Amino acid sequence: MANAKFAWRTAAGSLMSYTLPVNFTYDYQELAQDDSDRERALDGTLRSYARSLKARWTLKFHYISTAQKEQLAAIKQAQTDIDFYREAGGARTFTGVWTNDLDFREVAPGLWSGSVALEEV
């Protein structure tokens, strides 16, 4: 697998992106859409899924640098939808939200492990 990529918009509206080195494993699931699993966005629009199944990607990072952990933490802090590209130079795989807590732990001096769970919006 080549590098993956996250793209998102900041609160000011500028487009940001981060290319993920291939230092993670992933798990992909398709979940049935629950009719009660719809929410209102801050602007009042109803969030729903465009298809009957929603995708969930869980990226598991092991022994990443502090710089990469800080970049991922900044993306989490943005609290916005994230465009996920399985291949950095390819088409967008899906748009999701980071649903798990920031769970990166220092496993060795300067090295971190944790996960990013993205669910389709």
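Modeller: Let's begin with a rule: a salt bridge is a side-chain nitrogen of Lys or Arg within 4 Å of a carboxyl oxygen of Asp or Glu. Before we use it, note that this is a predicted model, in which local features need pLDDT of at least 70 and side-chain atom pairs count only at pLDDT 80 or more, while totals for chains, interfaces and linings use all residues. Residues are numbered from 1 along each chain as its sequence is written, and side-chain values use heavy atoms, with hydrogens and water left out.

Biologist: How many salt bridges does the rule give?

Modeller: The count is 3. One joins K54 to E119, with the closest N and O atoms 2.9 Å apart. K54 sits in strand 6 and E119 in strand 10, 65 residues apart, so this pair links distant parts of the chain. R56 also bridges to E119, at 3.1 Å from N to O. The remaining case to look at is E70 with K69, at 2.5 Å.

Biologist: Which of K54 and E119 are buried?

Modeller: First the idea: buried means under 20% relative accessible area, exposed over 50%, and partly exposed in between, using a 1.4 Å probe and protein chains only. Here both K54 and E119 are buried. E119 counts as buried because its relative accessibility is 15%, whereas R56 is partly exposed because its value is 25%. Over the whole protein chain, buried residues make up 32% of the 121 residues.

Biologist: How many helices and strands are in the protein chain?

Modeller: Helices (H or I, at least four residues) and strands (E, at least two) are DSSP runs, numbered from the N terminus. This chain has 1 helix and 10 strands, in the order β-β-β-β-β-β-α-β-β-β-β.

Biologist: Which residues touch the most other members of the largest nonpolar core?

Modeller: In soluble globular proteins, nonpolar side chains tend to be buried together. A nonpolar core is a set of buried Ala, Val, Leu, Ile, Met, Phe, Trp, Tyr and Cys residues joined through side-chain atoms within 4.5 Å. In the largest one, with 21 residues, F6, L20, F61 and L72 touch the most other members. Several elements each supply at least two residues, including strand 1 (4–9), helix 1 (66–78) and strand 10 (111–120). Strand 6 gives the most, with 5 residues.

Biologist: What does F61 touch?

Modeller: Contact means heavy atoms within 4.5 Å. Leaving out residues up to four places away in sequence, the partners of F61 include L20, L72, F104 and W112.

Biologist: Where is I82, and what does the model show around that residue?

Modeller: I82 is in strand 7, and I82 is buried because its relative accessibility is 1%. Among its contacts are F6, I75, F94 and L118, again not counting residues up to four places away in sequence.
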